[in-house]
Amino acid sequence: MVMPRINWIIRLASGLRAIGPYAAIELLLPGGSLIALTLWAIRHRSQLASRLRRAPPEPPPEVSVRIA
């Protein structure tokens, strides 16, 4: 029973460690939100690029209805 509780605590702590520098920039600098977002995008640009390269889903074929 103790393991699941420790497992989510470890995941939460690692997530906070990853977000920490961006939160500090956002809080300390004027315009920090934009700066932090830009730095995050630069750091994760390969992941973002792979998501953007995926082809969008094809729209369903159009059905024409003729009224006589």
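This report covers the fold, the confidence and a surface patch of a predicted model.

## Ground rules

Local features need pLDDT of at least 70 and side-chain atom pairs count only at pLDDT 80 or more, while totals for chains, interfaces and linings use all residues. Residues are numbered from 1 along each chain as its sequence is written, and side-chain values use heavy atoms, with hydrogens and water left out.

## Fold and confidence

You're looking at 3 helices and 0 strands, in the order α-α-α along the sequence. Helices (H or I, at least four residues) and strands (E, at least two) are DSSP runs, numbered from the N terminus.

The mean pLDDT (the predictor's confidence in each residue, from 0 to 100) is 80 for the chain, and 88% of the residues score at least 70. Confidence is highest in α2, with a mean of 89, and lowest in α3 (residues 45–53), at 81.

## Surface

Areas come from the Shrake-Rupley method with a 1.4 Å probe; for residues, only the protein chains shown count as cover.

## The nonpolar patch

L27, L28, L29, I35, L39 and I42 make up a nonpolar surface patch with about 600 Å² of accessible area together. Both α1 (2–28) and α2 (32–43) give two or more residues to this patch, and α2 has the largest share, 3 residues. Patch members have over 30% relative accessible area and no salt bridge, with nonpolar side chains (Val, Leu, Ile, Met, Phe, Trp, Tyr) joined within 5 Å and like charges within 9 Å. A salt bridge is a side-chain nitrogen of Lys or Arg within 4 Å of a carboxyl oxygen of Asp or Glu.

As for L28, this residue lies in helix α1 and is exposed, at a relative accessible area of 71%.

Methods
Buried < 20%, exposed > 50% of the residue type's maximum accessible area, 1.4 Å probe, protein only.
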